[in-house]
Amino acid sequence: MDNKLRLYGFNNLTKSLSFNIYDVCYARTEREQRDYVAYIDEQYNSERLTDILLHVTDMIGAHVLNVSSQDYDPQGASVTIMIAEEAMVPNLDGETVVAHLDKSHVTVHTYPEYHPENAIATFRVDIDVATCGEITPLSTLDYLIGSFDSDIITMDYRVRGFTRDVNGRKVFNDIAMTSIQDFIAPEILREYDAYDVNVYKINSFHTNMLIKDMRLQDYLFNTDVYEIPPTTRLEISDNLRKEMLDIFHGTNIY
């Protein structure tokens, strides 16, 4: 992304990144469910989510115009940040003016879900980054993945519109890319199974990721895994993995 194209005039491409994570947990007893709600309130409250989004805007070089946030009862939060990019645009007299683009935004919404039979709770976090000009959100992926307990990740990146190079040739994507995975650190990718669905003709890229190593202790609340009988441990692990596979493939496999 450091090799920028030489363009004629302003880069008016619009780019959108949809980043979704699923944090899967096990909570059967009333105590575990209370602990789960406390965990959600700590990890996914509007204050922490705002801090994450503000760091994202800083990483992509955007300017914050407005922040709106809301916590929900008993769980969940939403945050919306309007951002702007300062662009240097030459006018007809050869001078340079600064233009603010205030039609870009970063948002996050959360969605709790609970399975009453197998006691598996799934918390989904949706982050959308819409930008224009030279701003691109792909450089934030490592930070976003590391900011959450990301068991399953789904990502969509789309580039729309066109700009022109110095020779007048239309440019429909200012970044040479074949996959969203190109912008994720190898050490992170090694922790996940991943597959792509890309439509290069329209600059549309999609990636799904599923955590490989599932340690049961990481999905329990204030319960030692060895307090649970072995057969129950196997049942819980099996249910967790089935739930993840359904979400990963986007269909009811089990």
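**Note on the predicted model**

1. Asp 126 counts as buried, because its relative accessible area is 10% and buried means under 20%, exposed over 50% and partly exposed in between (1.4 Å probe, protein chains only). Asp 126 forms a salt bridge with Arg 124, with 2.4 Å between the closest N and O atoms. A salt bridge here is a side-chain nitrogen of Lys or Arg within 4 Å of a carboxyl oxygen of Asp or Glu. Arg 124 is partly exposed, at 25% relative accessible area.

2. This is a predicted model, in which local features need pLDDT of at least 70 and side-chain atom pairs count only at pLDDT 80 or more, while totals for chains, interfaces and linings use all residues. Residues are numbered from 1 along each chain as its sequence is written, and side-chain values use heavy atoms, with hydrogens and water left out.

3. The structure holds four salt bridges. One of them joins Lys 242 to Asp 238, with the closest N and O atoms 3.1 Å apart. Both residues lie in helix H5 (residues 230-249), four residues apart, which is about one turn of the helix. Lys 242 is partly exposed at 28%, and Asp 238 is partly exposed at 37%. Another salt bridge links the side chains of Asp 218 and Arg 215 (2.7 Å, N to O); Arg 215 is partly exposed at 45%.

4. The protein chain has five helices and 10 strands. Helices (H or I, at least four residues) and strands (E, at least two) are DSSP runs, numbered from the N terminus. Of the 254 residues, 46% count as buried.

5. Strand S6 (residues 152-160) pairs with strand S1 (residues 14-26) in the antiparallel sense over nine bridges; two strands pair if DSSP finds at least two bridges between them. Tyr 157 in S6 stands opposite Leu 17. S6 also runs antiparallel to strand S10 (residues 204-211), joined by seven bridges. There, Met 155 has Thr 207 in S10 as its bridge partner.

6. The UniProt annotation "modified residue: Pyruvic acid (Ser)", from an unreviewed entry, covers Ser 104. UniProt positions are given in the numbering used here, feature names are shortened, and annotations may be inferred rather than shown by experiment. Ser 104 lies in strand S4 (residues 96-114) and is buried, with a relative accessible area of 6%. Leaving aside neighbours within four places in sequence, Ser 104 is in contact (heavy atoms within 4.5 Å) with residues including Ile 81, Ile 83, Ala 130 and Cys 132.
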